[in-house]
Amino acid sequence: DATPEMRETMVNLLSIDLKPELKKINIPTLIVWGEKDRITPLSDGKLMQKLIHNSQLYIVKEARHSPQFTHPEAVCEKIWLFLTP
């Protein structure tokens, strides 16, 4: 369970519209998202991909909110491929 401080931080983060900031990102960006994320919907990842110029969205099949923990091999492989020219 989240502490009261963590809950307050999440509320503050969710109240800020970061879409204008995403449009300012102009370097190659890999967005990694869990296909079955119930905390932050996949539609948010798709929106980020549209707003960040030169970005790629990698959807980890069957993963939820933290695919780096549940599917580390798939995530590491995708990051490696993204970073390798």
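Residues are numbered from 1 along each chain as its sequence is written, and side-chain values use heavy atoms, with hydrogens and water left out. Because the model is predicted, local features need pLDDT of at least 70 and side-chain atom pairs count only at pLDDT 80 or more, while totals for chains, interfaces and linings use all residues.

**Overall fold**

The protein has 5 helices and 2 strands. Helices (H or I, at least four residues) and strands (E, at least two) are DSSP runs, numbered from the N terminus. Starting at the N terminus, the order of elements is α-α-β-α-β-α-α. The C-alpha trace spans about 45 × 30 × 20 Å along its principal axes. Of the 85 residues, 19% are buried. Here buried means under 20% relative accessible area, exposed means over 50%, and partly exposed lies in between (1.4 Å probe, protein chains only).

**The two strands**

Strands β1 and β2 pair in the parallel sense, over 6 bridges; two strands count as paired if DSSP finds at least two bridges between them. The chain goes from β1 through α3 to β2, and this β-α-β crossover is right-handed. That term applies if, with the strands pointing away from the viewer, the path from the first strand over the helix to the second runs clockwise. Within the pairing, L30 stands opposite Q56 in β2.

Strand β1 is largely enclosed by the rest of the structure, because 5 of its 6 residues are buried. T29 lies in β1 and is buried, with a relative accessible area of 16%. A polar atom of the T29 side chain lies 2.8 Å from the backbone oxygen of I27. A polar contact is a pair of N or O atoms within 3.5 Å; within protein, one must be able to donate a hydrogen and the other to accept it, and residues adjacent in sequence count only if both atoms are side-chain atoms.

**Salt bridges**

A search of the whole structure finds 3 salt bridges, each defined as a side-chain nitrogen of Lys or Arg within 4 Å of a carboxyl oxygen of Asp or Glu.

| Pair | N to O distance |
|---|---|
| D17 and K19 | 3.3 Å |
| E21 and K24 | 3.3 Å |
| E62 and K36 | 2.8 Å |

K36 is partly exposed at 39% relative accessible area. D17 is partly exposed at 47%, as is K19 at 38%. E21 is partly exposed at 42%, whereas K24 is exposed at 58%.

**Helix residues and the surface**

L14 belongs to helix α1 (residues 4-14) and is exposed, with a relative accessible area of 68%. Together with M10 and L13, L14 forms a nonpolar surface patch of about 330 Å² accessible area. Patches are made of residues with over 30% relative accessible area and no salt bridge; like charges are joined within 9 Å and nonpolar side chains (Val, Leu, Ile, Met, Phe, Trp, Tyr) within 5 Å. Accessible areas come from the Shrake-Rupley method with a 1.4 Å probe, and for residues only the protein chains shown count as cover.

T70 is placed in helix α4 and is exposed at 52% relative accessibility. The C-alpha atoms of T70 and G34 are separated by 9.6 Å, with the two residues 36 apart along the chain.
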